[in-house]
Amino acid sequence: YDLWLRYRALPAAEAARLAPHARAIVAPATTSPMLDAAIGELQRGVGGWLGTAPARTDEVRAGAIVLAMPATRGATAAWFDGLGQEGYRVLRTRLEGQSVTVIAANTDRGLLYGSFAYLRGIATDGAQKAPDLRSTPRLPLRLLNHWDDLNRHVERGYAGASIWHWWNLPDILDQRYTDYARANASLGINGAVLNNVNAKPDILTAPFIAKAAALANVLRPYGIKVYLSVRWSTPLELKATATADPLDPAVAAWWRAKSDELYAAIPDFGGFLVKANSEGQPGPHDYHRSHAEGANMLARAVAPHGGIVMWRAFVYSEDKPTDRARQAFDQFTPLDGQFDKNVIVQVKNGPIDFQPREPVHPLFGAMPRTPLLMEFQITKEYLGFSTHLAYLGTMFEETLRTDLRPGIGAGGQAATVTRVLDGTLDHGQATGMAGVANIGTDRNWSGSHFDQANWYVFGRLAWNPEAGAEAIAREWAAQTFSRAPRVVDTVSAMMMASREAVVDYMTPLGLHHVMGTGHHHGPAPWVDNLARPDWNPVYYHRADKAGIGFDRTAHGKGGSGSAGQYAPALARLYEDPASTPENLLLWFHHLPWTYTTRSGRPLWDELVHRYDAGVTAVAAMQKQWDSLAPYIDPQRHADTAQRLKVQHREALWWRDASIAYFQSINGLPLPAGARAPA
Ligand code: GCU
């Protein structure tokens with residue numbers, strides 16, 4: 001339950017190192033809820049480690065932790081240089097002649113983040129070194145998207161029910177809300193969209209606004225703003241208007257009045273998230289209006305209050321059966337420049353749907369006049385739910401580091417996706433990252449202990465997209481399990497290899513969307529009878545007697561051309577199988593089973609090899625985990641061991657079912673030395 005904020009009693013030697021430097025907490029005299037939250041956390045952390053919590057005082061004394069703002073007596077101006085509104089500096093220094101630890105920031109929010117950073121530093125190094133930290137966030141919007149329904153079901157949730165107890169709200173406030181806020185604040189997450197993108201009109205009725213306001217009051221001291229997902233046709237469905245046409249004045253007036261009502265209840269309300277004309281959701285297209293016309297109408301309703309609209313680009317047409325991977329680009333690029341200033345287009349990391357591996361979404365880098373927000377999925381819809389161990393840090397990092405214009409980086413700097421988000425690549429406006437949350441009522445919050453790491457790494461990368469998946473894995477492991485090098489090395493090694501293992505046993509070499517229908521757990525590459533052709537796995541792998549893969553080139557016979565949506569330098573790479581990264585080979589190309597891969601093996605043999613390598617990698621994780629039994633408490637060790645056992649069984653299932661199915665299509669024998677399916 002404590003996540004990475006465990007604060008268990010320190011071993012004597014470490015406690016002896018920390019105690020002389022954590023005798024008291026000196027804080028600015030004018031207090032605020034956020035400052036109180038920072039102090040409360042410092043007391044909780046140090047108190048947990050040392051057995052007694054340091055008292056708050058307003059007098060500087062030796063060995064104190066001093067929360068300093070520019071007006072603090074004796075403060076050095078240089079501490080605050082470049083910290084902006086959210087950054088912090090932590091250092092050991094002298095103040096008024098006393099040796100102290102200073103946490104410096106320009107704002108209460110900076111002090112809150114600095115306090116968590118100070119605690120993280122001790123949790124990861126055992127108070128060995130004097131703290132010396134300085135950090136500012138690279139991206140302003142660091143958001144969780146909860147796909148939580150109002151009946152507490154969580155869409156694609158694998159960790160119990162929704163933590164939002166809508167029935168009890170607004171009067172009964174669960175302690176979980178505060179602990180959720182603490183965990184997020186420790187990472188710098190500063191916003192939460194409370195409800196599912198498949199939204200219900202009810203969320204905008206007075207009772208639910210009161211409930212959301214009660215949550216906002218709990219989250220506010222931790223620097224977290226509340227946002228809501230809204231259903232396009234809400235006023236129509238609530239029978240307040242006769243249409244949901246965005247250009248109808250009555251519709252716009254309703255949204256304006258609703259926004260005023262929301263801001264009266266939640267003065268710092270963040271804004272709206274919208275899924276429109278996507279997977280059956282209503283939207284402006286129903287009235288022959290564009291996404292921009294729809295988004296702008298909503299944006300104008302919240303603009304006077306400083307709110308934003310996050311308009312999702314997850315769209316694919318029901319009636320035009322072109323390659324789904326190209327449709328968002330086709331629909332949105334013509335609208336570049338047409339969105340109001342306070343609209344941000346929210347784009348999934350890849351063009352299909354949160355697969356174990358996808359190329360970057362072609363919209364990144366293709367909307368130079370529109371701010372884009374990254375949408376990652378923290379909950380593992382297509383990566384084994386909360387049963388399989390898959391650390392997503394490597395996957396997030398792979399997307400963020402993708403060079404959108406390889407070889408032609410402006411001024412020597414690569415045109416990475418991160419630079420689309422921080423605005424330095426073209427449109428000049430920094431945006432951020434949204435993560436579809438994996439949080440629920442399970443005692444461990446995320447369904448499995450290791451899935452806590454995916455929440456953690458999302459938050460840490462949203463703060464600094466270049467922080468490094470491995471460094472973050474090590475940091476998480478040290479705080480969550482133990483600082484023992486053996487534990488940190490082994491756990492982080494498991495994590496770093498885990499996502500590639502999943503890719504190998506589920507969707508090697510660029511295969512995608514071959515999961516079981518609806519639930520998306522387990523293999524079903526044979527399915528070909530769903531209502532929409534672009535939901536069928538066979539549509540994506542296109543295996544036949546001669547070959548396999550989806551031709552997305554421009555030149556191939558029947559190629560969909562989606563490779564050509566990338567900037568020319570990247571498109572050139574993807575157009576040719578020889579220069580396409582092998583891990584995306586069958587995403588972009590339909591190739592004969594005999595095609596020679598980089599290992600020298602024919603494609604069919606390579607595919608079989610990859611499936612098997614995935615299974616082997618899971619077995620290796622089991623061994624690594626077993627070796628940690630002496631270092632991990634029995635409860636968490638056993639829980640993880642059980643999950644790894646299921647993962648191994650299901651990896652075998654993936655391998656054997658996939659190979660047997662493709663064999664039934666190509667009629668090829670198993671490569672020499674390969675094991676026959678069990
Ligand atoms: C996926 C997912 C849906 C979700 C959708 C979305 O398709 O399976 O449950 O609603 O993404 O992102 O809107």
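Modeller: Let us begin with residue classes: Ala, Val, Leu, Ile, Met, Phe, Trp, Tyr, Cys and Pro count as nonpolar, Asp, Glu, Lys and Arg as charged, and the others, Gly among them, as polar. This is a predicted model, in which local features need pLDDT of at least 70 and side-chain atom pairs count only at pLDDT 80 or more, while totals for chains, interfaces and linings use all residues. Residues are numbered from 1 along each chain as its sequence is written.

Biologist: How many residues of the shell around the ligand are nonpolar, polar and charged?

Modeller: A residue is near a molecule if its C-beta atom, placed from the backbone, lies within 6 Å of it. Here the shell consists of Glu155, Arg156, Val197, Asn198, Lys275, Glu279, Phe314, Asp353 and Glu381. Two of these shell residues are nonpolar, one is polar and six are charged.

Biologist: Is strand β11 buried or exposed?

Modeller: A residue is buried if 20 or more other C-beta atoms lie within 10 Å of its own, exposed if 12 or fewer, and partly exposed in between, with C-beta atoms placed from the backbone. Strands (E, at least two residues) and helices (H or I, at least four) are DSSP runs, numbered from the N terminus. In β11 (residues 308-312), five of the five residues are buried, so the strand is largely enclosed by the rest of the structure.

Biologist: Which way do the residues of β11 point?

Modeller: In a regular strand, side chains alternate between the two faces of the sheet. From β11, Ile308, Met310 and Arg312 point one way, and Val309 and Trp311 the other.

Biologist: Which strands run parallel to β11?

Modeller: Two strands pair if DSSP finds at least two bridges between them. Strand β10 (residues 271-274) is joined to β11 by four bridges in parallel, with valine 274 opposite tryptophan 311. Strand β12 (residues 343-348) also pairs with β11 in the parallel sense, over four bridges, and there valine 309 faces valine 343.

Biologist: What do β10, helix α8 and β11 make?

Modeller: A crossover is right-handed if, with the strands pointing away from the viewer, the path from the first strand over the helix to the second runs clockwise. Together, β10, α8 (residues 291-302) and β11 form a right-handed β-α-β unit.

Biologist: Where does tryptophan 445 lie, and what is its phi?

Modeller: Tryptophan 445 lies in the loop between β14 (432-436) and α12 (452-463). Its phi is near 75°, a positive value in a residue other than glycine. Tryptophan 445 counts as buried, with 25 C-beta neighbours inside 10 Å.
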